[in-house]
There are 2 protein chains.
Amino acid sequence: MYSLHSTPRHDGFHMPAEWAPHAQTWMVWPERTDNWRMGAKPAQAAFAEVARAIASFEPVTVCVSAAQYENASLQLDHPGIRVIEISSDDAWVRDTGPTFVINGQGGLRGVDWTFNAWGGFNGGLYWPWQRDDQVADKILGLERCPRYRTEGFVLEGGAIHVDGEGTVLTTEECLLNSNRNPELARQEIELMLADYLNIEKVIWLPYGLFNDETDGHIDNFCCFIRPGEVLLAWTDDEDDPNYQRCHAALKVLQASRDAQGRDLVVHRMPIPGPLYATAEECVGVDRVTGTQPRDPSIRLAGSYVNFLIVNDGIVVPGFDEPEDQAALDILQELFPERRVVMVPGREILLGGGNVHCITQQQPAR
Amino acid sequence: MYSLHSTPRHDGFHMPAEWAPHAQTWMVWPERTDNWRMGAKPAQAAFAEVARAIASFEPVTVCVSAAQYENASLQLDHPGIRVIEISSDDAWVRDTGPTFVINGQGGLRGVDWTFNAWGGFNGGLYWPWQRDDQVADKILGLERCPRYRTEGFVLEGGAIHVDGEGTVLTTEECLLNSNRNPELARQEIELMLADYLNIEKVIWLPYGLFNDETDGHIDNFCCFIRPGEVLLAWTDDEDDPNYQRCHAALKVLQASRDAQGRDLVVHRMPIPGPLYATAEECVGVDRVTGTQPRDPSIRLAGSYVNFLIVNDGIVVPGFDEPEDQAALDILQELFPERRVVMVPGREILLGGGNVHCITQQQPAR
């Protein structure tokens, strides 16, 4: 439709917290066979299960290529799921979709961040990524939402979490990485976040989860559960490479105040595993030079923090691990007013992310 | 979203007349180089001009392939035009898009006719046509409209015109053609039209315009302008192959009553030309076996009847011919309450149709 040349902050728009009411959730159908094993069929089944789980709470729109349109339509045949044609390079709409912003008066717009496949030619996960970079524009056009395009400023939606009251949570590992916005200093990045999310305060955790191929996205590691409270992936095992990461994060969180001046309550979520792909799971991935290798020796960045908050619910990945039940219990206790649903997350994890990474909420006007 | 297994008639839905209020108009971006000369660039410019003309009256959505998304978005940069990704085999949304039906109580649904590229392997214009056959489904899904799929019943939107009061106008040349629904008798086809358009009366003209590659679509030949009144393409030149066609149609129209029992007032619209493509215009079309040949010796089926009624307006093709002014005057007199806009129609005609063929109105709820 049309692009705006101001900023959300200037226009009185801000990114609401994930727990604010949604109009719908967006997803993208997985199909690239050099990332998803066995022609992406197990992943498609897993994505369909996520879509159906969300659709029991709120409408879902799934974007799919022309080639997969018929198959996806049949697999997603559900009155709460809309299948539309939008092509992409992979299926991570958290990172390629728009960040929706609202003004509290019925206005809905979107931020279309520049996308470079998590690092461009300096450690990015694939090339080309042009179709992925168009996803946000296409979604916003389709919803007739005016668009803020951050020409040249690289950010993925999975790299930020907001509390809706002026605070954003992110990681230095990702946002200060030389493969994102190397020409910008920390303070300049803070200004961009302030302008486009309309926040007052950035809380920088040093790292995300170990071996997260996104360079430490916050959404696989730590999130707000309500204003003043966060949930942090946690291990007490000193031999786990995540040990230092969790403790470094805790230290920052305990020393931080949010934009409203509150101290933060930190809840802890056990990290499952350690999880690894089996040799069998790695065999069915097309081998293409330059894409992320899949190998049984590489630890998977599995995390229960990678859940999505939906209207009246929580959709969280499970891994058939002993920690699954604890994760469910923790979430149900933290969100007593929501129904917590666990969906099989392993196939999504094998591709490099989980429920939160493959979804993007569209707030209600 | 979901398909219905009943019929519009059963559910109290009907196709409104084109002059009923619209929510928007749909178009599809042209790009196939074996139908549109010079890489489809002149046609794209012409389609963009049609889109802008319509957008001055009502919203427009243009469907475009992934490959042409960026180019189309830039060429169609206009606050009233939405560009979305829907792939297709060509650009005739009148024939590939849904026929929208309403119930007068806010309900909006769509009929998704089976499409076979105007004749399938028996005189059809290209193969494959699978993407074209999916266009209606995709549009309806996108608009969250429940869908009536006429499995196996072939019809194009350009083959019908309704008065919104129980009457449909069509041609035997098209609907009784052995390349559409050869297994159905005239009465069975009438029953299908009755069920899916919710009409009571079919008026069958013997033919459409001479050399119309759609096998005589009504929308290039004769249309309702209001209940009880039609506009018929006309020539008084006995040597014109259209002479017999026009007079045969007039005879039927003068002998017909509509569903409400009214006699029909028949207005006449001069046929421009005769029009032919120049050798230069034919050179830039890719030559592919089995597609429609483009040759300066083949008469073009140019017609001013191929206009679109939009909210408060009429968008009609012009041909830089002496009859252009008469056509404008006739339409302005027939539609005194609407603003009549003439757009360059020659490039669209070279591809085999005109303004009405490349548009599909979505009625207001």
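In strand β3 of chain A, A:Thr61 is the bridge partner of A:Trp26. The two strands here, β2 (residues 22-28) and β3 (residues 60-64) of chain A, run parallel and share 4 bridges; pairing is called when DSSP finds at least two bridges between strands, and strands (E, at least two residues) and helices (H or I, at least four) are DSSP runs numbered from the N terminus. They sit in an open, mixed sheet of 4 strands, ordered β4-β3-β2-β19 in chain A. β4 and β19 (360-363) of chain A are the edges, each with a single partner strand, so one side of each has no neighbour in the sheet. From one strand to the next, the twist averages 25°.

All of this comes from a predicted model, in which local features need pLDDT of at least 70, side-chain atom pairs count only at pLDDT 80 or more, and totals for chains, interfaces and linings use all residues. Residues are numbered from 1 along each chain as its sequence is written, while chains are lettered from A and ligands numbered from 1 in the order in which they are written.

Over in chain B, another open sheet of 4 strands goes β1-β7-β6-β5, again with mixed pairing. Strands β6 (residues 108-114) and β7 (residues 147-154) of chain B are parallel over 5 bridges, and B:Asp112 has B:Arg149 in β7(B) as its bridge partner. Helix α5 (residues 130-142) of chain B packs on this sheet, touching β6 and β7 of chain B, and its direction makes about 170° with that of β6(B) (axes are lines fitted to C-alpha atoms, for helices over the stretch in contact, with angles from 0 to 180 degrees between N-to-C directions).

At the interface, 17 residues of chain A are in contact with 17 of chain B, contact meaning C-beta atoms, placed from the backbone, within 7 Å. On the chain A side, β4 (81-85) and α5 (130-142) are the elements that give two or more residues, with α5(A) supplying the largest share, 5 residues.

Key. Two residues are in contact if their C-beta atoms, placed from the backbone, lie within 7 Å.
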